[in-house]
Amino acid sequence: MTGATRAPRRVLVLCCPDWPAIPAAPVLGPVPALGPEPEQGPGPDARAFEQVVATVEEFCPKVEVLRPGTCAIGVRGPARYFGGESELARKIAAAVRKIGFSGQVGVADGLFAAELAARLGGPPGSAGLIVPQGGAPAFLAGQPVAELGIPELGYLLPRLGITTLGEFAALPAVEAANRFGTQGVLAHRLASGLDPRPLAPRPPSVDLSAAREFDPPVEQSEPVVFAAKSLADQMHARLAAGGLACVRVQVQVHSADGRQMTRFWRHDGLLSGLAVAERVRWQLDGWRPGRSADGEGPGPGAAAGGITLLRLIPDQLVRAVGRQLGLWGDAVVSDRVARAAVRVQAMLGHGAVTRPVLAGGRSPAEQVLLVPFGDAGVPERPADRPWPGSIPAPAPAAIYPVPLPARVTDDSGEAVSVTGRAQVSAPPAWISAAGVPARAITSWAGPWPLTERWWDPARARRQARFQLVTDDGSAWLAVVQDGRWLVEASYD
Amino acid sequence: MPEDAVLPGQDILPVLPALQGLLPAAGLQRGQVVTTDGGGLLCLALAAGASVAGAWCAAVGLPSLGVRAAVDAGLDHDRLLLIADPGGTWPQVVAALLDGCDIVLLRPPDRPSAQLRRKLEATARRHGSVLLVAGEWAGAQTRLLVASREWAGIGAGHGRLRACRVQVVAEGRGAGTRPRAAWLWLPGPDGSVAPVADPVSPDQASPRLALASSAPAGSAPAGSAPAGTGPAGTGPAGTGLVSTG
C-alpha cells in the first residue's frame, strides 16, 4: 500500500499548540499561560477537543484525531471544493478561532511533514504553512532529527554527526535498515518525505450502537437475551456495512430502579450474534443477587426492578481484516474452559480471572505477570534472561501480594539491622510477623544485598534478603528495606 | 462428563509418581474432594500430575499462589486460571469453574455451611471434576497433611535453602481408611517433587550431598562437611578432601 515510490497524499493537519492549556484569546502565536483553567475530571483534554473536531468535520467528514490537540484530514477533495489549499487552511483556522481556540494549520505531502508544518506555523498573518506538492523532502531536509519523535535516534544520530533530516535521508535506506532496524526504516521513510502508513480516518460519527427499550420493564432474563441476539445482529450488520470490526463490545443494561450496569466484552470481530447474546445472559446472571450455588435458574432475589433498556455499543473500531488464530504457541483454550472463565468474569469483572505468564525479575513477585483471561500479555521483562541476583531455586510456594511487616530480633531482644556494607548487627534469633507470636529462628542465610535500577528513582530499590527457617520447620524469604523487615514469601 | 473434557474417558486423574502411593486409587478420583493443610506446595503438587497430562486447573481464593514454584513442581501455567479474590460469591464461582476445569483448587474465604458443601460436592460429581481444598472440608474423601518437615542446605548464617524433606500423611474414608505416609522432597533442589530414597537417616541433609558422596566412595565421614555452598566448605575439611583425591 505504501510502496517506496508512491508519493503520499496531501494532508492537512490542524494543531492547537500547547493543547491542555486552552487559550481563550483568538490569537495565533505563542500561547500565554493566562488562559482559563482547564476543566477538571477524567480526560478533559479529549472532551474539549471534540468541539474542534466537530468544527473540522464541517469541512471534511473524515477526521483522524492524532491525539487531543491535533487532528488531520485528507486535503484533496475539500481543497477543490473550498477554493484551493490556502483558502481551505484559512477557513479552517478562522472557524476554529471563532469557537474560541487557537490553531495552526499545515498542509504537506504526508502526515509527518504536514504535522511538522502545522507545529511550525506560517509567517505571521498567514493561515498556516503550506508546503507545495513534492516539496516535502526539501522542507524536511532542514529540520533537526529530534523532530522524528524517536528518542533513541534523536540521541544517537547527532552523535554520529547527522543533525538534520536531510542528512539522514541522504543515507541509503539499506544502511538505515542495517544499523537501526525496523525503526530506522520507518524513520528513514519519514525523513525522505514518504508516508509510513496511510491515513486511517475517524469514521463519521454515525451511531453504530443498537438499543432496545422494554416497556413495561421485564423481570426475566429470557426476553432480554432474546432481544440481545437481534440487536447484536443489527450491530454486526452496521459494522460490516462500514467495513469495520470492534475489539470490544460494551453492554449497557438499565434497570427500572435507575441502576445501570456496563461491561466490556472482548469481541475481536469474532463473536456471532448468539455469542453476544450469551454474554448478555452472563452479565444479567452475574448482576442479579441471590442465585443458587450451581448457577441454574434465578434465585428468589432475581426481581431487581426489571430491565428497561439494553444497549450494545461497539468499542475500539478497527478495519475488518479477518483474524486468524495462532497456529501454535498459545495453549488452546477449549470452549468448555473459556465458557467457565467468561462466566466468572461476568460475576466478578474482566480482571478477576487471570492467567499467569512467566516474566523475568530478581524478586519472586516480579517473576509472574497476571494477564486477564482473554487478553494477550507480553511481559516487558523476558524470563529467559540471566537475571543475576535472583533467588535460586527452589522457588517459594506462597508469595504475599503485600509483604508482611515483621520484627526480627537477636537473642537479647534487640532489633536486627543490616549496614550499608551488608553486615548483620547480630544473628537473627526471633521473628514475629503481622501479629503472629514470636518464633525462634533455627537457621538462616544472608544478607544478600540487592540494588536495582538506581538510575530510575521511582523504581529504584535497595534491600538485603534473608532466608529464615523457624522452629516449626517453615522457611521464609524476608527482606530488609529502609531499615524495616518484610516477609515476602513462604517456602511451604 | 462433557465430551470435550481434556482427559476424556478417565475416571482417575493422574498425579506425580511421587504422590501415587499416598492416594488409594494412585490418582485423583473424578468427582471427589481432597483436602490439604494450608495452600502450600503440597496442594500445587497434587494438581501438577493432571496438569502435565493436559488438565485445566483453576485456583480460587489463593492470591499468594507461587506460580514459579507450581511450574517447577510440574504444573503447566498455560492451563491455569487464577481467581485471587472471589469475594462473597465464591460458591457460584467454584460451581462455574467445576463445570469447565478438571481441578479446582480452593481456599474458602469463609467456613461453608453443610448444605453449601453438599451442593458443591454434587456439582463436582456431576461434572466429573476434582475439588482440592486447602483447609478444612468436613466431607472430604481424602485428607493429606504434612506431618513433619525439615529444610536442608541452610545453616546458621551460611548456605541457602536447597530442598525440604517432608513426611506427608494421607487419611481417608471408605476404601482409603488405612493411613498412608511417604517421605518426599517437597520441593527438591530443582523445585520438583521426588520420593526420598533413604528415609531412615533423616539428618544426613541434602540430596546433592547424596550424589556427591557416591563418588569418593569410602571417605564417607568427610561428606558431612559438605554444604559446599558457603564459607564453611573452605576450612580444613576442604583441604582434607583435596589430599585424599
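This is a predicted model: local features need pLDDT of at least 70, side-chain atom pairs count only at pLDDT 80 or more; totals for chains, interfaces and linings use all residues.
Figure 1. Take the contacts in chain A with a separation of 6 or more: 56% of them come from residues 24 or more positions apart. The secondary structure of chain A runs to 11 helices and 17 strands. The chain has 492 residues, and buried ones make up 35% of them.

**Figure 2. Where chain A meets chain B.** Here 48 residues of chain A are in contact with 58 residues of chain B. Sorted by class, the side of chain A that touches chain B has 33 nonpolar residues, alongside 7 polar and 8 charged ones.

**Figure 3. A closer look at A:Ser192 and its loop.** Look for this serine in the loop between helix H8 (173–191) and strand S6 (210–218) of chain A. A:Ser192 counts as buried because it has 21 C-beta neighbours inside 10 Å, and the cut-off for buried is 20 or more.

**Figure 4. Who sits around A:Ser192.** Set aside the neighbours within four places in sequence, and A:Ser192 is in contact with A:Pro137 and A:Ala169. For scale, A:Leu171 lies 21 residues from A:Ser192 in sequence, and the C-alpha to C-alpha distance between the two is 10.0 Å.

Technical notes: Residues are numbered from 1 along each chain as its sequence is written. Chains are lettered from A and ligands numbered from 1 in the order in which they are written. Two residues are in contact if their C-beta atoms, placed from the backbone, lie within 7 Å. Ala, Val, Leu, Ile, Met, Phe, Trp, Tyr, Cys and Pro count as nonpolar, Asp, Glu, Lys and Arg as charged, and the others, Gly among them, as polar. Helices (H or I, at least four residues) and strands (E, at least two) are DSSP runs, numbered from the N terminus. A residue is buried if 20 or more other C-beta atoms lie within 10 Å of its own, exposed if 12 or fewer, and partly exposed in between; C-beta atoms are placed from the backbone.
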